[in-house]
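The text then turns to a single residue.

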Amino acid sequence: MLSSVVLRLRFLLFDVDGVLTDGRLFYLGDEVAVAFDVRDGVAVGRARDAGLGVGLLSSRKDSPAVARRAAELGFDEVLVGCRDKAAAFADLLARRGLEASEVAYVGDDLVDLPVLRRAGLSAAPADAAPEVRRSVDLVLDAPGGRGAARELVDRIVQALGPVS
Ligand SMILES: [Mg+2]
């Protein structure tokens, strides 16, 4: 990874379905369940230790599981129900005083492309849609919901080098 790109990063933003989860939705009566990877949770702490803000950006709304996971991990931004992800991204930049080049975004599907094109570092899980894999700076080895977030954070922290 280019260290000049990584050194600019101040915020990591993750899509939820297909990135923090494997994209499957389990319909259990009135509830919709998803599965998160514990190792990705550790990544949030690592990112914060490296001085980076962390957030999630999802077009799906009304997901108690996502809200609970976000609260447990202490995400700085929980952007859900965002049908227009590009608009939500622009709003995030304005609100936090960030440049697009200072944000890394991980997404897995077509709806993520407008944000991936703007982000300073764009990444996709190994099992992202082909159009997305072709468009991003970095295709991760790990699939969504199986360590993709962890891998990105590990790579960024490694590129940043030891904290002086
Ligand atoms: Mg997705």
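The model is a predicted one, in which local features need pLDDT of at least 70 and side-chain atom pairs count only at pLDDT 80 or more, while totals for chains, interfaces and linings use all residues. Residues are numbered from 1 along each chain as its sequence is written.

Strand S7 covers residues 121–124, and its pairing with S6 is parallel, over three bridges. Strands pair if DSSP finds at least two bridges between them; strands (E, at least two residues) and helices (H or I, at least four) are DSSP runs, numbered from the N terminus. S6 also pairs in the parallel sense with strand S1 (residues 11–15), over four bridges, and here Leu-13 stands opposite Tyr-105 in S6.

Within S6 (residues 103–106), Val-103 and Tyr-105 point one way, Ala-104 and Val-106 point the other way, and all are buried. A residue is buried if 20 or more other C-beta atoms, placed from the backbone, lie within 10 Å of its own, exposed if 12 or fewer do, and partly exposed in between.

S6, helix H6 (residues 113–118) and S7 form a right-handed β-α-β unit: with the strands pointing away from the viewer, the path from the first strand over the helix to the second runs clockwise.

Val-19 belongs to helix H2 (residues 16–20). Why does Val-19 count as buried? Val-19 counts as buried because it has 31 C-beta neighbours inside 10 Å. Beyond its neighbours within four places in sequence, Val-19 is in contact with residues including Phe-14, Val-106, Pro-125 and Ala-148, contact meaning C-beta atoms, placed from the backbone, within 7 Å. Val-19 and Ala-148 are 129 residues apart in sequence, yet 6.7 Å apart in space, C-alpha to C-alpha.

How values were computed:
Two residues are in contact if their C-beta atoms, placed from the backbone, lie within 7 Å.
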